Amino acid sequence: MDPYQNRRWVIILVIIAISLIFSLRLLYIQVIDKEWSKRAEQISFIKENLQPPRGFIYDRNKELLVGAENVYDIYILPVKVKEKDSSIICDIFQISKEQLREKIQLASTGYNVPYKSSVMFESLSKEEFAKIAPLLSKVEAVQGKSKTDRGYPLKTGAHLLGYIRRISQIQLDKFKTQGDLFYSKNDFIGITGIENVYEKELRGERGDANYLRDYAGNKVETIDKNPATPGKDIHTTIDASLQKLGEELMINKIGSIVAIEPNTGEILCMVSSPSYDPSILTGKKFVESYTKLKSNDSLKPLINRPVYNDNYRPGSIFKLVQSLIALQTGVIHKNTSIVCNKNKIGCHYHEEPTSLKKAIKHSCNPYFLEVYKRLILSKRFDNYFEESRKGLQKWEEMVKTFGFGKPLGVDVPEEKGGFVPNVEFYDKWYGKKRWAFSTIYSNSIGEGEIGVSPIQMANLAAIIANKGYYYVPHLVTKIGRENIQNNFSFKQKTCVDSSHFQTVIDAMQLVVESGTGRSAQIDSISVCGKTGTVENKTFNDHSVFIAFAPKVDPKIAISVYVEYGTWGSKWAAPISSVMMEYYLKGYLSKNGVKKMNNIKEATILHPNTDFTF
């Protein structure tokens, strides 16, 4: 008997058992367990999201305000980084090994994971990328991807246009919670301005593509492709040349300019000063530029003053509102004469205000103190304190119909509503029945506790130009090929009948022709305006002016606010004049050019400023 016979059968049985195990395992992998088929598919195919190009932004004359520039992001895949790659990567990008380790760590932690690519360097220019592109083929873990970044051909309108930035994890989680799955971790999103308000329209719709790849992960064939849908273009109401002129006039000054087309509510310009070149908040220098702007505490160049600063007092401009409410309630008429009693409240010397027109023309404080007193103290109650409460309540309701004390609804982020003092406010401040007209009379001349924003002051000019109504000021009229249909198209009416406005309009014309606003005059154009000098206890008073022109069929309403500008006639009025003349004529007269040059040369930023021409 062969002694090896039994061993032979053992070997055969072992081989059969191993073959059976492998067969059963293959059957499980290929037929029963779907996970392995998915993994095999992933090895063979790659699905890539296609980012849509962001929509452009244009001005009212189809001038490009925000376009696109091709730039490149450098991505790193941590799991693919080999020891021998470190020196090559450091040489390509001129960084130390410690810096590389930090970038790999950043790309592997938080919401970044080591098996997915993350941005290592962003927004390289075409020239910068061209220098390193041939070297990237040496390192499998690093690759460059092109993208379109925002470009600003006119370099104007930074605050109203806004900027985009890579989406944060908090934002990403918020959108996912809301069911909006558009964004991924490396996407950009509008942060401020029009970029923020119209983000969904500008961003477009994402596409995707499936590629066949080889064993090394290289794309070898496109299986199918669903192209991305580009974002919609935004057509704004802004006149780019007027916006640029306004920004030039406000160089070295703190304040704002807002111009509105009265019969539509379209914003022609919205200047916040100090401003900055919008292109500096793009690309790889974003963090450096943003930090520098943010750290400027004294000037706050990132704040959009026309809508955000709502604690400006309107000053004498508010006398126009007092006049209209008083005419509506009948406590005065256009020929009401009131003595300019300087013992009650300070005033400059001028002819006696024997009519409302003269009172507005000379901005008589005692006149409007008496007007406000008649509005608050109607003498229908025996109790002085109760009478003041009832009067203030009615006054507040009427003032708010002019768009004060609440946001107007402008399509700009962070719009604030200002403040109209009311009964609840004074009760909390002084205590119930511990205040009356004698406590709050400073409201009569636009001082006291009233707070307004520059956009509200420009809107007041539009209301008077329209004789009692306004359209909500707005920046956008068209998205793609479709006109906007919303509350911007509806008239917002005040509580004052149109018949009462002509007296105030005539008075505003006198202000510019022979009153406190003569510096706002424009050759061959009738201007209606009102100066305001807003008290500032820490330094020079603020210069304020509102106006519209021409008097008949007004085309532009404007407000100008120059902090520390001393008087309304000193700076705000001539700035308004230059802006309106340029918009209405398309050029500046010799007198207009002279005003423009004087304004540009002025620096009004700090207590040591020389305010002389």
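**Helix pair**

I began with helix H10 (residues 240-249) and H22, whose axes come within 8 Å and cross at roughly 50°. That angle makes H10 oblique to H22. The model I am reading is predicted.

Which residues of H10 meet H22? I found Leu245, Glu248 and Leu249 on the H10 side. They meet Met596, Ile599 and Lys600 in H22. By class, the residues of this contact are four nonpolar, no polar and two charged.

**Second largest cavity**

I count two cavities of 30 Å³ or more. The second largest cavity holds about 40 Å³ of space. I listed its lining as Gln521, Ile522, Asp523, Ser577, Glu581, Ser589, Asn591, Gly592 and Lys595. Helix H21 (568-585) and helix H22 (590-601) are the elements that give two or more residues to this lining. Which element gives the most to the lining? I noted H22, with three residues. The lining of the second largest cavity has one nonpolar, five polar and three charged residues.

**Largest cavity**

Next I looked up the largest cavity, with about 50 Å³ of space. Glu122, Ser123, Asp149, Ile164, Arg165, Phe188, Leu281, Thr282, Gly283 and Phe286 line the largest cavity. Strand E4 (118-124) and strand E6 (164-166) each supply at least two residues of that lining. I sorted the lining of the largest cavity by class: four nonpolar, three polar and three charged.

**Sheet**

Then I traced an open sheet. Five strands form it, in the order E12-E11-E19-E18-E17. The pairing is antiparallel. Which strands are at the edges? I have strand E12 (266-273) and strand E17 (528-534), and each pairs on one side only. From one strand to the next, the twist averages 5°.

Strand E11 (residues 255-261) and strand E19 (residues 556-562) pair in the antiparallel sense over six bridges. Where in E19 is the bridge partner of Ala259? I found it at Ile558.

**Helix on the sheet**

Last, I looked at helix H20 (residues 501-514). H20 lies across E17 and strand E18 (542-549). I read the angle of H20 to E17 as about 70°.

Terms used: Residues numbered from 1 in each chain as written. Predicted model: local features only at pLDDT ≥ 70, side-chain atom pairs only at ≥ 80, totals over all residues. Heavy atoms only, no water. 1 Å grid on protein atoms, 1.4 Å probe; cavity = no way out; pocket = protein on both sides within 12 Å on 5 of 7 lines; lining within 4 Å. Points joined across faces, edges and corners; volume = space filled by probe spheres on them. Helix = DSSP H or I, 4+ residues; strand = E, 2+ residues; numbered from the N terminus. Nonpolar A, V, L, I, M, F, W, Y, C, P; charged D, E, K, R; others polar. Axes fitted to C-alpha atoms, helices over the stretch in contact; angles between N-to-C directions. Parallel < 35°, antiparallel > 145°, perpendicular 65-115°, else oblique. Contact = heavy atoms within 4.5 Å. Pairing = 2+ DSSP bridges.
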